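Subject: Structure handover

Hello,

Here is the structure I said I would pass on. Please open it beside this message and follow along.

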Amino acid sequence: MNNDNVLVRLAKVTVGGLDVHPTEKALVVHYEVEASILGESGGHMLGERKEGQKIIRMKSLSPSTDVGALAKKVLEECKMIPASRLPQVEQLLYYLQNRKSSPVESKEKRTVKPKELTPFEGIELNEEASITRVDEYIELLYEGIPEKIRGSALILQLARNPDNLEELLHNETALGALARVLREDWKQSVDLATIIIYIFFCFSSFSQFHGVVSHYKIGALCMSVVEHELKRYDAWREELRKKNKSAPENGSLRRDQDKALRKYHGLLAKQEQLLRVSLYLLLNLAEDTRTELKMRNKNIVALLVKVLERDDEELLVLVVSFLKKLSIFLENKNDMAEVDTVERLARLVPCKHEDLLNLTLRLLLNLSFDSGLRAKMVEVGLLPKLTALLGDENNRQMAMRILYHISMDDRFKGMFVYTDCIPQLMQMLYEHGEEEIETELISICINLAANKKNAQLMCEGDGLKMLMKRALKMKDCLLMKMIRNISQHDGQTKSLFIDYVGDLAAEIKAEEEEEWVLECLGTLANLTIPDLDWELVLKEYNLVPYLKDRLKPGSAEDDLILEVVIMIGTVSMDDACAVMLAKSGIIPALIELLNAQQEDDEFVCQIVYVFYQMVFHQATRDVIIKDTQAPAYLIDLMHDKNAEIRKVCDNTLDIIAEYDEEWGRKIQSEKFRFHNNQWLEMVESRQADESEPYLYDNDNDRTDLFYSAGTLSKDSAVPDFFSDLQPQNGDSDACDVFDQTSSSPARPATAYGFRPDEQPFYQYS
């Protein structure tokens, strides 16, 4: 036998790197096979090298697995791994043991939604796709449009199973061919475009595959597809409009028009399917803010808002979800303001689709942080629609939050009167019983109470009685804040508080919480009622020592001290009260406080207002003029940068000058000196800004979440003196301070309050 032609094949396996599988609980062994073919004589005839990898799946790996024992077992079963690599195998297994599950492993956490996207309508497939035949399906992508549709549909069958995505990912030929076909042929077939985009959508459902989708520029293609389809939609509608306009009531043209309408609806259904899968893919990719920025630069907001014109509810759910995600960024929110987003959303409130309604409300809530968009919401009629949703348990909270934002704007508070909002809110308040009131509910009530007409509506029937009873019983600071806002309005509403003066005064105690006393005291300070006997109130509840003690700087929070000053200004309208306060030594305490708080315009303005009230009365006027340096302080403040302070100082000094000649000369001299200096400065420097001394530049305004007490804000407890300058909340019934009387007729204090045998009544009638 001749053995000269016998060949011998030798193979050498070299293990390279060891690594973990990116998505599965498995080790990946990278190796290299070096094959040589030798002749019988041992001479080298042919050599070949080939790289490969082996996947070792660890199905039994769990948190309780003994990693050391498992590593030894791996080396026993996989002979190609040398024993020296045991420590490395243990380390990789330990990593796998503690690694969080990937989206592909945890299919229940993130799955595609085939029920929402059905691209197979009109496409007949009589075979089940197999992952082993992918190459055959790829060959179909090089044929005509029908074959491309069939091939891509078979691949889609595989892609809808997350287990197949990894293998499809490694088949670069498949993904490259699909991307090429989509790029070249998407305009020729809606079905083809829908199927291929759906395939990439399956990949986009998992974050680790986003790089692949971006690599083939599928996101940019989808943007182009959406933009093109929206233009086609406009062209279809225009063509249909023309046919409707020209078609007679009967005849062949009418039949043609009906046929065109049916064709339009068919095209519309396929187009909406394409839009859904395209936008869904873009939404997935927008998880990366850099990708989202690229979409924004390509005008994604305008495209999405354009889709809001459609009627397909599932498509609308997707679009509103997308807009909601985008709306958290200022630039996107501004884009939405420019393309009439609110007008398009208004038609969706209310709607029968629960998810769509809820998402729309959440988007509107995000947009309602913008004052201009809030105004647009009111303009397009959303206020009564949102009010109607207060009765919907599922959407009440979202509606209330939007209404709260609208209620923050003084321009719109009065519009709530013309809806059913306030009766519903009051009913909700009473239904809470002794439970804590929801933050959204009490917040919107506090805001709305700052409007006079709203306050009147809240007090109808036993409204104020129920509010007072609950607030006093529960010592609810926020509810008392609402009552305090109600108390600031002149007219019949304020007179209703006469019955509760005693109850409020009884709460002004040093042992009570400051926040609670602040609200009760602020409510009392608002009660500028002519026939209220403040002297009797102060004596019966021994309030003068409390008021004097709280005037000391640092004795309490500034907010409470300010309310004490406002309260003193209110009671000083009563002649007897003014005398009692002057004898108690409150005026020097006020001057000391003025020195301490001279940088705070609120304090300065309110303290000067107290002086203004006291110079009306002979007894207190003499104390202020002869025994204190108050007039000198007023002269210094006569040219303050704050216009409100200047005005009250001027009027107070005018009264002092009328009754005291010496101070009158000083005041006149100071006014002349000031105006003379102004004239000289103007002559010396013609470029001087004459308005500069009068600039309002107060950086110390005291603000509050719901309202601002004091003379310098719209919704504050404005003294009568300023009412001719600044009407409250758009009300024009301002009164003149010089019409007030120096004393009020005596009035017996009320004994209204809670008694042990009295049951609380919460039912709103």
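Below are notes on salt bridges and then on one pair of helices.

This is a predicted model, in which local features need pLDDT of at least 70 and side-chain atom pairs count only at pLDDT 80 or more, while totals for chains, interfaces and linings use all residues. Residues are numbered from 1 along each chain as its sequence is written, and side-chain values use heavy atoms, with hydrogens and water left out.

Salt bridges

Side chains of opposite charge can pair when their charged atoms come close. A salt bridge here is a side-chain nitrogen of Lys or Arg within 4 Å of a carboxyl oxygen of Asp or Glu. Searching the whole structure gives 34 salt bridges.

One of them joins D185 to K148, at 2.5 Å from N to O. D185 belongs to helix α6 (residues 172-185) and K148 to helix α4 (residues 145-159), so this pair ties together parts that are 37 residues apart in sequence. Helices are DSSP runs of H or I with at least four residues, numbered from the N terminus. D185 and K148 are both buried (buried is under 20% relative accessible area, exposed over 50%, partly exposed in between, with a 1.4 Å probe and protein chains only).

R180 pairs with E184, and their closest N and O atoms are 3.4 Å apart. R180 and E184 are four residues apart in helix α6, so about one helical turn separates them. R180 is partly exposed, at a relative accessible area of 22%.

E343 and K376 also form a salt bridge, at 3.4 Å from N to O. This pair links distant parts of the chain, with E343 in helix α15 (residues 341-346) and K376 in helix α17 (residues 371-379), 33 residues apart. Both are partly exposed: E343 has a relative accessible area of 28%, and K376 has 24%.

A network of salt bridges links D234, R237, K306, E309 and R344.

A helix pair

How do the axes of helix α28 (residues 514-525) and helix α31 (residues 558-571) cross, and within what distance do they come? They cross at roughly 25° and come within 9 Å (axes are lines fitted to C-alpha atoms over the stretch in contact, and angles run from 0 to 180 degrees between N-to-C directions). That makes α28 roughly parallel to α31, a term for angles under 35 degrees.

In α28, the residues that meet α31 include V517, L518 and L521; in α31, those that meet α28 include L560, V564 and I566. Contact means heavy atoms within 4.5 Å.

Regards

Terms used:
Helix = DSSP H or I, 4+ residues; strand = E, 2+ residues; numbered from the N terminus. Parallel < 35°, antiparallel > 145°, perpendicular 65-115°, else oblique.
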